[in-house]
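Please look over the sequence and the structure shown here before reading on. The paragraphs after them are meant to be read with the structure open beside the text.

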Amino acid sequence: MPENPDDDPLHDCELSPDAVLGTRTFHDVLFTDDTETPVNVLTGETPAHSQATVEEAKAFATSIDTDTPQIALPASVETQIETQSQPYTAAAFFHFKATGSLELHRAYHAAYDSDAFSTDFEADYESGDLTITVEQTADS
């Protein structure tokens with residue numbers, strides 16, 4: 001890593017590059033066909049706004065106009081009820097709801113934005129698992 005902190009893409013992060021280098025899988029974090037949805041206690045049916053497929057969720061996530069790749073995360077049952085929203089939401093692939101902490105979110109974000117690292121991810125919507133791989137580039 002660079003001697004000068006200003007040259008270190010993760011210098012503002014709580015975690016060192018070692019925390020994100022390599023491959024890590026985050027289990028059961030993505031929207032799946034098994035994502036919990038609310039049920040109307042009077043009718044026993046799931047409200048129309050909470051009925052969605054993985055394909056719809058993936059299409060929504062990829063439709064977000066941003067340079068950062070998006071993934072489909074499950075929306076909480078409370079959110080679905082309160083906002084009458086779909087059972088999914090979109091977020092950057094390194095979002096803290098997927099990685100489990102704000103510290104990892106910041107470190108993955110810094111690595112993704114830096115030329116010193118190559119960052120890739122795989123979203124498995126059948127299992128709900130997200131796998132992120134970060135490698136140092138030869139230039140760094």
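This is a predicted model: local features need pLDDT of at least 70, side-chain atom pairs count only at pLDDT 80 or more; totals for chains, interfaces and linings use all residues.

What follows goes from the whole chain to its strands, its core and a few single residues.

The chain has 140 residues, of which 37% are buried, and its C-alpha trace spans about 65 × 25 × 25 Å along the principal axes. Among contacts between residues at least 6 apart in sequence, 60% join residues that are at least 24 apart.

In secondary structure the chain contains 4 helices and 5 strands, and reading along the sequence gives the pattern β-α-β-α-β-α-α-β-β. The UniProt record, an unreviewed entry, places the feature "domain: DUF8025" at residues 39-137. Within the model, the span 39-137 is 33% helix and 26% strand, and its end C-alpha atoms lie 49 Å apart.

Strands of a sheet pair through backbone hydrogen bonds, in either a parallel or an antiparallel way. Here 3 strands form an open sheet in the order β1-β5-β4, with antiparallel pairing. Because β1 (22-26) and β4 (117-124) stand at the edges and each has a single partner strand, one side of each is left without a neighbour in the sheet. From one strand to the next, the twist averages 15 degrees. The antiparallel strands β4 and β5 are joined by 8 bridges, and among the residue pairs involved, S118 has E135 in β5 as its bridge partner. Helix α4 packs on this sheet, where α4 touches β1, β4 and β5, and the direction of the helix makes about 135 degrees with that of β1.

Another pairing joins β2 and β3, which run in the antiparallel sense over 5 bridges; in this pairing A72 has A90 of β3 as its bridge partner. How much of β2 is buried? The count is 4 of the 5 residues of β2, so this strand is largely enclosed by the rest of the structure. Leaving aside neighbours within four places in sequence, A91 is in contact with P69, Q70, I71 and L73. A91 also lies 9.1 Å from T68, C-alpha to C-alpha, although 23 residues separate A91 and T68 in sequence.

The nonpolar interior comes next. In soluble globular proteins, nonpolar side chains tend to be buried together. In this model the largest nonpolar core has 30 residues, and I71 and Y108 are the members that touch the most other members. At least two residues of this core come from each of α1 (54-63), β2 (70-74), β3 (88-92), α4 (102-113) and β5 (129-136). The element that gives the most to the core is α4, with 5 residues. Which residues does Y108 contact, leaving aside its neighbours within four places in sequence? The contacts of Y108 are V20, R24, F26, F94, T99, I132 and V134.

Some loop residues complete the picture. D28 is placed in the loop between β1 and α1, and its phi is near 55 degrees, a positive value in a residue other than glycine. With a relative accessible area of 64%, D28 is exposed, since residues over 50% are counted as exposed. Q84, in the loop between α2 (77-83) and β3, likewise has a phi near 55 degrees, which is positive in a residue other than glycine, and Q84 is exposed with a relative accessible area of 52%. E45 has its place in the loop between β1 and α1, and at 53% relative accessibility E45 counts as exposed. Apart from neighbours within four places in sequence, E45 is in contact with P38, V39 and N40.

Methods:
Residues are numbered from 1 along each chain as its sequence is written. Side-chain values use heavy atoms; hydrogens and water are left out. A nonpolar core is a set of buried Ala, Val, Leu, Ile, Met, Phe, Trp, Tyr and Cys residues joined through side-chain atoms within 4.5 Å. Buried means under 20% relative accessible area, exposed over 50%, partly exposed in between (1.4 Å probe, protein chains only). Contact means heavy atoms within 4.5 Å. UniProt positions are given in the numbering used here, feature names are shortened, and annotations may be inferred rather than shown by experiment. Two strands pair if DSSP finds at least two bridges between them. Axes are lines fitted to C-alpha atoms, for helices over the stretch in contact, and angles run from 0 to 180 degrees between N-to-C directions.
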